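The text below follows a few of them.

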Amino acid sequence: MEHARHVFRAALVVLVLLAGVGITRGFLVPPTYGLHGPYRWANVAEQMSARTPAHRGPAACGTCHEDELRRRAAGAHRAVSCEICHGPLLAHVAADGRVTAPQVDRSPALCARCHRKVLGRPAAFPQVVLEEHVDGPLDAGACLACHDPHAPTP
């Protein structure tokens, strides 16, 4: 009978500890934590409202540059966003409508991100060894001298 009392007390202590952990967790863990993964879901909406999105996507670029958007959409770079080369739209068009010249990356390094010869890429994907492909120095505009980035052809 004495052993049963000890077991009962130990079980009661464990039960009280578990209840304490559960109540403490309820106060410390935000209610939306873990709903969609190991993060606080409400933080996503908070961050979106706190920051103005800098990138808007090709459709937003097309409101002013419809011809370039159409050429890009019909070409091999249709899956490449305008903002990859031209920078974020917010740096080009401010929230108040002010327009400044975009910072266009004309470096061969930008083209090389996708087109540098890498054995792991599919063989059908256009790849080059820049040092052999470019006739001359690898300066800014070296690729653009022969290729139109909006409608590239091999």
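Is aspartate 67 buried or exposed, or does its relative accessible area fall in between? The model here is a predicted one. In it, aspartate 67 has a relative accessible area of 48% and is partly exposed, because the exposed class begins only over 50%.

Aspartate 67 takes part in a salt bridge with arginine 70, with a distance of 3.4 Å from N to O. Both residues belong to helix α4, where a spacing of three residues puts about one helical turn between them. Arginine 70 is itself partly exposed, at a relative accessible area of 49%.

Arginine 70 also pairs with glutamate 66, and here the closest N and O atoms lie 3.1 Å apart. Helix α4 covers residues 66-74, and glutamate 66 and arginine 70 are four residues apart in it, so about one helical turn separates them. Taken together, Glu66, Asp67 and Arg70 form a network of salt bridges.

A further salt bridge joins arginine 116 to glutamate 131, the closest N and O atoms being 3.8 Å apart. This pair links distant parts of the chain, 15 residues apart: arginine 116 sits in the loop between α7 (108-115) and α8 (130-133), while glutamate 131 is in helix α8. Arginine 116 is partly exposed, with 35% relative accessibility, whereas glutamate 131 reaches 51% and counts as exposed.

How many salt bridges does the model contain by this rule? The count is six, and the pairs described above are among them.

Terms used: Residues numbered from 1 in each chain as written. Predicted model: local features only at pLDDT ≥ 70, side-chain atom pairs only at ≥ 80, totals over all residues. Heavy atoms only, no water. Salt bridge = Lys/Arg side-chain N within 4 Å of Asp/Glu carboxyl O. Helix = DSSP H or I, 4+ residues; strand = E, 2+ residues; numbered from the N terminus. Buried < 20%, exposed > 50% of the residue type's maximum accessible area, 1.4 Å probe, protein only.
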